[in-house]
Every structure is written in C-alpha cells, then in structure tokens.
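Have the sequence and the 3D view ready.

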Amino acid sequence: MTGKKKRNQGLKRHHTTQWYSEYLLLLLGSLIIAISFNMFLNPNEIASGGITGISIIIRQVLGIEPAITQWALNIPLFLLGLRVLGGKFGAKAAVGSVFLPLLVLLTRGLPPLTDNLLLASIYGGILIGTGLGFVFRGKGSTGGLDLAAQLVHKFTGMSLGLAVAMLDGMVILTAGIVLSPEKALYALIGLFVTSKTINVVQIGFNYSKVAFIISEQTEAIRLVVLNELDRGLTMLQAKGGYTGEARMVLMVVVKQTEVSRLKELVKATDPGAFVILSDTNEVLGEGFKIHS
C-alpha cells in the first residue's frame, strides 16, 4: 500500500471518528438540556430565554405540553432558515431541532430537585450551559432562537449577538408579564449562569495571560524569559508614540501559575520596564492546549 493511500485511509478514519464524536456531543448535550429543563426550569416556571422559555410561558397560558410547542416553533424556523439562508445549517441543526423536544418529552416525568427559585435558576443555568457547551463543541445546534437570530440578522443587518440578546430579552420580558416579575429576574440569573458555563465548557478553566513588555533591557529580558521561565516569546517592532524612536516589544504568553514568576524576573532585570498583562481565553500550540 502506497503512502498516499495510507494517508487517505488515516484521514477517512479520522473524519469518521470526528463525525461520531460530534453527533455524540450533540445528543449528550441535548439530553443534559432536557433533564435540566424538566428538573429545574419548567417546574419552577423559569423562562430564561430561547424556545424552551417560550414553551414554559405557553404551558402556563394554554396548557400545551412544552415539547409540542418546541417542535411547533423549531421545525418551521429550521425550514424557513433553510429556505432563506441556504443549506449551511446542515443535518446537525435538523437533528437538534427535532431531538431536543423529543428528549424533553421523554424526561418530563423526572421529579423536580428543588422549589427554591434561586437554586433552580443557578443549577438549571449550569446544566443548560453544560448541555449547550457540548452541543457547540460538537459543532451542532439545537435550533430555536439561534436560527431566528440569524434570520433577524439577515433581514435587518443587526449583529447576531444583539439579535440573540434582543430575542431572549423579549422572552424574559414576556415571562415577567405572564408569570411574575420575580420569576423574570430569576430567569435573568439563569441566562447569565448559562452563558458563563458555555464558556467554561468550550474553553475550560485554564485561562492564560499575554504579557507585553517594553524595556530598555530587551535582550536581557528575552534571555531571562527563554532560560529562566522556559517560555517562548515574540519580538514585535514598534515605535514610541512620544519619542518616535524604534523599539522592540516582547510578547509572552504564560499560564496563570507563571505570572508571578514572570513579573519577578522582569523586575529583577529592569525595574523600570513597562508591562501590560491581559487575559487570553484560549491558547493553542506547543506548551499549551493541543489543537483539536
């Protein structure tokens, strides 16, 4: 077998494994969302945005099963998005739009774990965020207001982030009118917790720092970082805004545990160095997270 055939077979196996992994994440994430919906949000009437929030409001007003409402809204939204925006949604969005309401229906008999609205909003938000994080890591979608936001973006030019926030805000405002203002406030807590949890699932807890160092002792600091801290760095050509003089700026990415050591080394080398430290959410490459 030639090397080219071996590479092609290896790529095929990789794509097949990735395909299964992505769909597994989509299904697992949908299951977590459904469990959270039935154990925390739905029994406590916390409509924290999205189609699931709308289904809670409609259940309260019309008595319709939430899964039926979710299907009734998800499927037309998906078909409309497919027609207007083309086939970029793909099979995963179709699966998510149908499978999540099915799981909501199948897990509706689960007993609620608490009737405390604060606990329900926090833990419901954590589980919803975890489920959505898995879905997004699987490059999938559960449909719903994400598709509606893309349609709003298409027709109005509004940014996607603003469109999502506006639609979720309308759901929570409606919940405040139909359910109660207090429950709408708890829904905001749940929405906030969900957004933070999604970031944790997608990025993790290992936040890093990027440091920009401006110094007259550039070479000495470069050697210290390479030899003492054992970190690579990048030298950026810059020009002083006041003096107009050319100078080098060192850019170093370090882990949280290495920040204090970096500051100590820079201070010992040049007490007058100008150091800018900034959070960076994800670093891919040697010494950090492996590309996936």
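Q: What makes a space count as a pocket here?
A: On a 1 Å grid over the protein atoms alone, a cavity is a set of points where a 1.4 Å probe fits but cannot get out, while a pocket is an open set with protein on both sides within 12 Å along at least five of seven lines; lining residues have an atom within 4 Å of a point. The model is a predicted one: local features need pLDDT of at least 70 and side-chain atom pairs count only at pLDDT 80 or more, while totals for chains, interfaces and linings use all residues. Residues are numbered from 1 along each chain as its sequence is written, and side-chain values use heavy atoms, with hydrogens and water left out.

Q: Which residues lie nearest the centre of the largest pocket, and how many line it?
A: The lining holds 25 residues, and Gly-50, Leu-132, Asp-146, Asp-168 and Thr-194 are those nearest the centre. The volume is about 570 Å³, meaning the space filled by probe spheres set on the grid points, which are joined across faces, edges and corners.

Q: Which helix gives the most to the lining of the largest pocket?
A: Helix 8 does, with four residues. Helices (H or I, at least four residues) and strands (E, at least two) are DSSP runs, numbered from the N terminus.

Q: How many residues of the lining are nonpolar, polar and charged?
A: There are twelve nonpolar, eleven polar and two charged residues. Ala, Val, Leu, Ile, Met, Phe, Trp, Tyr, Cys and Pro count as nonpolar, Asp, Glu, Lys and Arg as charged, and the others, Gly among them, as polar.

Q: Why does Ser-30 count as buried?
A: Buried means under 20% relative accessible area, exposed over 50%, and partly exposed in between (1.4 Å probe, protein chains only). Ser-30 has 0% relative accessibility, so it is buried. This residue of helix 1 is in contact (heavy atoms within 4.5 Å) with Phe-99, Leu-100, Leu-103, Val-135 and Thr-142, leaving aside neighbours within four places in sequence.

Q: Why does Phe-99 count as partly exposed?
A: Phe-99 has 25% relative accessibility, so it falls in the partly exposed class. Phe-99 lies in helix 4 (residues 90-106).

Q: What makes the pair Lys-183 and Glu-45 a polar contact?
A: Their side chains come to 2.6 Å. A polar contact is a pair of N or O atoms within 3.5 Å; within protein, one must be able to donate a hydrogen and the other to accept it, and residues adjacent in sequence count only if both atoms are side-chain atoms. Lys-183 is found in helix 8, whereas Glu-45 is in the loop between helix 1 and helix 2.

Q: Is Glu-45 buried or exposed?
A: Its relative accessible area is 15%, so Glu-45 is buried. Glu-45 also has a positive phi of about 55 degrees although it is not a glycine. Most residues other than glycine have a negative phi.

Q: Why does Asp-230 count as exposed?
A: At 63% relative accessibility, Asp-230 is exposed. Asp-230 is found in the loop between helix 9 and strand 2 (234-239).

Q: How do you know that the buried residues of helix 10 are on the same side?
A: The buried residues of helix 10 (residues 259-269) are Val-259, Leu-262, Leu-265 and Val-266. They cover an arc of only 130 degrees around the axis, so they sit on the same side of helix 10. The arc is that of the directions from the helix axis to the C-beta atoms.
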